[in-house]
Amino acid sequence: QVQLVESGGGLVQAGGSLRLSCAASGRTFSRYAMGWFRQAPGKEREFLVGIRRSGGSTYYADSVKGRFTISRDNAKNTVYLQMNSLKPEDTAVYYCAASTVVTTTPTLYEYWGQGTQVTVSS
């Protein structure tokens, strides 16, 4: 089992920044690729970015490329999502998830955090 806990969400004005953290406990964190997703009311869960186990490769959705940056610290069992130039349409609940492979498909992620709300005001 892997337990994931997100933190760092909140209310920010358009153009601002937030950094989300996802702390993992349980089985060896470095065995898992990690992804960040978000889900806005009435919408499907959306893949944002993924990172390989070693952190050597990252994959971004077009909607966040150039604004969001994923990183991981395997020594701290934590993955981060730095979000810059935030827009009102970025408002959603943000989730981290763990998988054996990097994939954009939510159903292929084995473990999920409880989510953290991000609200961007205009």
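Predicted model: local features only at pLDDT ≥ 70, side-chain atom pairs only at ≥ 80, totals over all residues.
Arg-72 stands opposite Val-79 in β8. β7 spans 68-73 and β8 spans 78-83. The two strands pair in the antiparallel sense, over six bridges.

The charged end of Arg-72 sits over the ring of Phe-29. The distance to the ring centre is 4.4 Å.

Now step back to the sheet. Strands of a sheet pair through backbone hydrogen bonds, either parallel or antiparallel. Here, four strands form an open sheet in the order β1-β3-β8-β7. The pairing is antiparallel. β1 and β7 stand at the edges, each with a single partner strand, so one side of each has no neighbour in the sheet. From one strand to the next, the twist averages 15°.

Move to β3. Ser-21 lies in this strand. Its relative accessible area is 17%, and buried means under 20%, so Ser-21 counts as buried. What does Ser-21 touch, leaving aside residues up to four places away in sequence? The contacts are Val-5, Glu-6, Ser-7, Trp-36, Thr-78, Val-79 and Tyr-80.

Next, the core. The largest nonpolar core has 34 residues. Those with the most contacts inside it are Leu-4, Met-34, Trp-36, Leu-81, Met-83 and Tyr-94. Eight strands each supply at least two residues of this core: β1, β3, β4, β5, β7, β8, β9 and β11. β9 gives the most, with five residues.

Met-83 shows what such a core residue meets. Beyond residues up to four places away in sequence, Met-83 touches Gly-16, Ser-17, Leu-18 and Leu-20, along with Arg-67, Phe-68, Tyr-94 and Val-118. Tyr-94, one of these contacts, is also listed among the core residues with the most contacts.

The aromatic rings come next. A search of the whole structure finds six aromatic pairs. One of them joins Phe-37 and Tyr-109: the ring centres are 5.0 Å apart and the planes meet at 85°, so the pair is edge-to-face. Phe-37 lies in strand β4 and Tyr-109 in the loop between β9 and β10, so the pair ties together parts that are 72 residues apart in sequence. Are these two residues buried or exposed? Phe-37 counts as buried, at 0% relative accessibility. Tyr-109 is buried too, with a relative accessible area of 5%.

Tyr-95 and Trp-112 form another edge-to-face pair. The centres are 6.3 Å apart, with 80° between the planes. This pair links distant parts of the chain, with Tyr-95 in strand β9 and Trp-112 in strand β10, 17 residues apart. Tyr-95 counts as buried at 13% relative accessibility. Trp-112, at 26%, counts as partly exposed.

Which residues do ring pairs link into a cluster? The members are Phe-37, Phe-47, Tyr-95, Tyr-109 and Trp-112. Tyr-95 also has a charge over its ring. The charged end of Arg-45 sits there, 3.9 Å from the ring centre.

Key: Residues numbered from 1 in each chain as written. Heavy atoms only, no water. Core = buried A, V, L, I, M, F, W, Y, C linked by side-chain atoms within 4.5 Å. Buried < 20%, exposed > 50% of the residue type's maximum accessible area, 1.4 Å probe, protein only. Contact = heavy atoms within 4.5 Å. Pairing = 2+ DSSP bridges. Axes fitted to C-alpha atoms, helices over the stretch in contact; angles between N-to-C directions. Phe/Tyr/Trp six-rings, centres within 6.5 Å; stacked < 30°, edge-to-face > 60°. Lys NZ or Arg CZ within 6 Å of the ring centre and 35° of its normal.
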